[in-house]
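User: I am new to this structure and would like to learn how to read a few of its features. Could you take me through them step by step?

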Amino acid sequence: MATETLTEFPRSQRFESHVAFDNIPLGESTDYNPISFTLNYRHSGFQYRRRHRTFMVGVDDNSYSDHALQWLLDELVDDGDEIVCVRVIETQVRLTNKQYQEDAKNLMASIQEKNSLNRAISLVLEFAVGKLHNTFQHLISIYQPSMLIVGTKGRSLDGVQSFLVNRSSFSKYCLQYSPVPVVVVRPNEKREKKKAKRAHDPSRQSYVHMLLGQPHEADSENSSVYELEPNLTADEEAHRVAVAVGLPAAYDPTIKPIDPISLLKNYSRRQPAEVSKEALAIVNKGGLPAENKSPDREESESDSEGEFEATTGEELLRRQRLHSMELNEGAALRAEGRKIRSESADSDEDAPGGGAKT
């Protein structure tokens, strides 16, 4: 439901009353029921959403408490959120006195009047009896709020005064011991006064002025620590990138392409070999001139001529035994050949004269 259509109704009729609980006459608290009188009101357009949030705020008779509640309604909540307002009375309440119920209803009416932006929200008032710190811790464990909002008087004392005054400060206690995030709201006049005082402080310096007056570590003797990369030229850096990525040679400026024209010029500049007059005379007569040998070549040939093969005594004995074995085998084969030939010749001679006598 759009919030514009709800402005036609009076503010007192925009919130609807729901179930209320009164545990004060019991005088004992449980894990889920504190000693309190609970009022529950919901806006006519209130609907639970997927991003439903619950905020808890402390309210009392002080002006800074009203300012914290007004800041919460104007700056933080949205349609579909729930606000749990906690009012703690540390004095004992008589069971026969029902004045606390009227006080709780009047306080709820004042809270509804602060909803000037007509937020479609749910309001829960816990009018509790007990110790302030224990009651808030108990209610935080029950509702599990997303954030706790508290007001402050705006004092900023130093030294012994801060220790004596802030020791009983509820906002400081919440900042130290609250299990959920805490927002401390200062009054506007206190905040503006403090801001103007800082602006007119001649000894106050900005961060830029602080840097101008102090040398930077990079300019000191330890400046080499800040040199994370060596100083490379553009071509060297491109070469390293090409090698790391695996790019072709065209992307590497350190690899220069081959110029065929320059190669041909260098080849044409070579001087021809010098020919002596004796060689020209021999060619004219139809002969071939002797090859000119360089000193290096002559030295290599002389070295090759002077080389000889070195053989050990064992190698020579082994070669002799092999040679004698080859000779013996050859002689045995020749003797066997002669024996076979002689046998075949004897058989041929006996064959014509043989036969039976009659």
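Analyst: Let us begin with a sorting rule: Ala, Val, Leu, Ile, Met, Phe, Trp, Tyr, Cys and Pro count as nonpolar, Asp, Glu, Lys and Arg as charged, and the others, Gly among them, as polar. Please keep in mind that this is a predicted model.

User: Which residues line the largest cavity, and how do they divide by this rule?

Analyst: The lining of the largest cavity is made by F136, Q137, I140, L148, Y173, C174, Y177 and S178, and the elements that give two or more residues to this lining are α3 and α5. Sorted by the rule, the lining holds six nonpolar residues and two polar ones, with no charged residue. The space in this cavity comes to about 40 Å³.

User: How is the angle between helix α3 and helix α5 to be read?

Analyst: Angles from 65 to 115 degrees count as roughly perpendicular and those under 35 as roughly parallel. Helix α3, residues 132-143, packs against helix α5, residues 170-177, at about 45 degrees, with the axes 11 Å apart, and the two are therefore oblique to each other.

User: Which residues meet where α3 and α5 are in contact?

Analyst: From α3, the residues L132, H133, F136 and Q137 meet F170, Y173 and Y177 of α5, and the residues of this contact comprise five nonpolar, two polar and no charged.

Notes: Residues are numbered from 1 along each chain as its sequence is written. This is a predicted model: local features need pLDDT of at least 70, side-chain atom pairs count only at pLDDT 80 or more; totals for chains, interfaces and linings use all residues. Side-chain values use heavy atoms; hydrogens and water are left out. Axes are lines fitted to C-alpha atoms, for helices over the stretch in contact, and angles run from 0 to 180 degrees between N-to-C directions. Helices (H or I, at least four residues) and strands (E, at least two) are DSSP runs, numbered from the N terminus. Angles under 35 degrees count as roughly parallel, over 145 as roughly antiparallel, 65 to 115 as roughly perpendicular and the rest as oblique. Contact means heavy atoms within 4.5 Å. On a 1 Å grid over the protein atoms alone, a cavity is a set of points where a 1.4 Å probe fits but cannot get out, and a pocket is an open set with protein on both sides within 12 Å along at least five of seven lines; lining residues have an atom within 4 Å of a point. Grid points are joined across faces, edges and corners, and a volume is the space filled by probe spheres set on the points.
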